[in-house]
Amino acid sequence: MKTVLIHKTGGPEVLESAEVATPAPGPGEVLVRAEAIGVGWPDVLIRTGVYKWMPPLPTSPGSDMAGRIAALGAGVGNLGVGQKVLITARELSQRGGCYAEYLAVPATAPFPLPEAVDLDAAACLPNYQVAWAMLRDVLQARRLRSVFIAGAAGGVGSAAVQLARHLDLTVIGSVSSAAKERFAREQGADHIINYKTESPLSRVLELTDGRGVDLVLDHVGGPGLVDCLKMLAPLGTLVSYNAVAGLPATDIFGEMRALLAKSLTLRCFSMHVLDSDPVLRRQIMTEVIDLLARGAIRPAVSVKLPLAQAAEAHRMIERGGSLGKILLVP
């Protein structure tokens with residue numbers, strides 16, 4: 001079968017196409033034939049060797065795939081050959097492994113998909129799982145009216161835009177170009193701010209008549225994290241789910257004390273918090289699968305490349321110009 005492996009960490013050039021034996025499903029396992037393989041930042045982190053949950057080398061860095069059951073191991077009765085399924089490495093014993101034409105996994109790992117669900121769209125759902133986990137958790141605390149989403153044209157960002165609109169929230173997003181602005185509006189954003197030409201903080205306060213937003217979802221961090229706090233409404237929540245610009249130099253607790261009258265909340269979120277709660281993790285994914293089946297969300301695919309072009313897919317992610325999910329096809 002076709003696969004892509006890394007034997008050492010480094011740049012995109014370490015991704016090597018290979019032909020290996022197709023695995024046979026053991027007892028309690030199923031063999032899945034991939035039709036759409038998602039490419040995301042966790043794959044880049046594995047390739048560069050900085051992922052906190054790094055699998056042993058050599059490895060295939062992929063984290064998500066959608067396809068059909070190709071064979072059943074002994075004792076498997078809950079799935080059938082030909083059935084559509086979604087695989088995410090969050091349900092496997094270690095991360096990675098999905099840049100492959102076939103993958104043998106425990107029968108408890110796949111998410112069964114309705115036959116009518118498009119497999120390209122299904123391969124995008126792990127981004128929606130992250131966005132829904134963040135929105136769903138905050139919604140349980142109180143009723144939200146508005147949200148600011150940094151990087152509203154990105155993978156998780158655009159997923160959050162669609163989910164927030166499904167929840168009837170007013171959605172304000174930030175982007176870095178006119179093309180990304182158009183894309184974010186197509187996903188359902190009410191207001192878009194180009195952070196290269198205007199201040200997100202000033203614009204958010206202007207759009208909300210000085211009140212601010214109930215929720216901020218931020219993956220940037222850095223100096224802008226303080227502005228994210230300042231754009232919150234009373235009792236607002238800032239969810240930091242990455243820090244691509246690094247940590248802020250400012251004393252964040254001091255900034256929160258300065259805004260004490262607003263009683264704000266700051267949460268650092270990672271999907272790995274659910275590593276110890278597989279029941280809730282699977283429930284969240286099942287909920288987004290249902291949203292896809294009902295047409296409530298519409299995952300956008302940017303480009304589909306042959307599996308052998310995984311290196312180019314990684315270069316596209318690192319350039320940051322893609323609008324929607326990048327998929328690999330065996």
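Let's begin at the second largest pocket, which has 17 lining residues, with G96, G97, Y102, L103 and A104 lying nearest its centre. The elements giving two or more residues to that lining are β1 (2–5) and β6 (102–106), and β6 supplies the largest share, five residues. Helices here are DSSP runs of H or I with at least four residues, strands are runs of E with at least two, and both are numbered from the N terminus.

A quick word on what we are looking at. This is a predicted model, where local features need pLDDT of at least 70 and side-chain atom pairs count only at pLDDT 80 or more, while totals for chains, interfaces and linings use all residues. Residues are numbered from 1 along each chain as its sequence is written, and side-chain values use heavy atoms, with hydrogens and water left out.

Back to the pocket. About 270 Å³ of space lies in it. Its lining residues divide into eleven nonpolar, six polar and no charged. In that count, Ala, Val, Leu, Ile, Met, Phe, Trp, Tyr, Cys and Pro are nonpolar, Asp, Glu, Lys and Arg are charged, and the others, Gly among them, are polar.

For the terms: on a 1 Å grid over the protein atoms alone, a cavity is a set of points where a 1.4 Å probe fits but cannot get out, a pocket is an open set with protein on both sides within 12 Å along at least five of seven lines, and lining residues have an atom within 4 Å of a point. Grid points are joined across faces, edges and corners, and a volume is the space filled by probe spheres set on the points.

Among the residues lining the largest cavity are C124, N127, Y128, F183, Q187 and K325. Helices α3 (125–141), α4 (155–166) and α5 (178–187) each give two or more residues to that lining, and α4 gives the most, with three. The lining of the largest cavity divides into five nonpolar, six polar and one charged.

Now to salt bridges, meaning a side-chain nitrogen of Lys or Arg within 4 Å of a carboxyl oxygen of Asp or Glu. A search of the whole structure finds 16 of them. One joins the side chains of E318 and R47, at 3.0 Å, N to O. E318 sits in helix α10 (residues 310–319) and R47 in helix α1, so the pair ties together parts that are 271 residues apart in sequence.

Is R47 buried or exposed? R47 is buried, at 2% relative accessible area, whereas E318 is partly exposed, at 37%. The cut-offs are under 20% for buried, over 50% for exposed and partly exposed in between, with a 1.4 Å probe and protein chains only.

Another salt bridge pairs D190 with R165, at 3.5 Å, N to O. D190 lies in the loop between α5 and β10 (191–194) and R165 in helix α4, so this pair ties together parts 25 residues apart in sequence. D190 is partly exposed at 28%, and R165 is partly exposed at 33%.

A further pair is R319 and E312, at 3.1 Å, N to O. R319 is exposed, with 56% relative accessible area, while E312 is partly exposed at 27%. Finally, salt bridges with shared partners join E35, R68 and E115 into one network.
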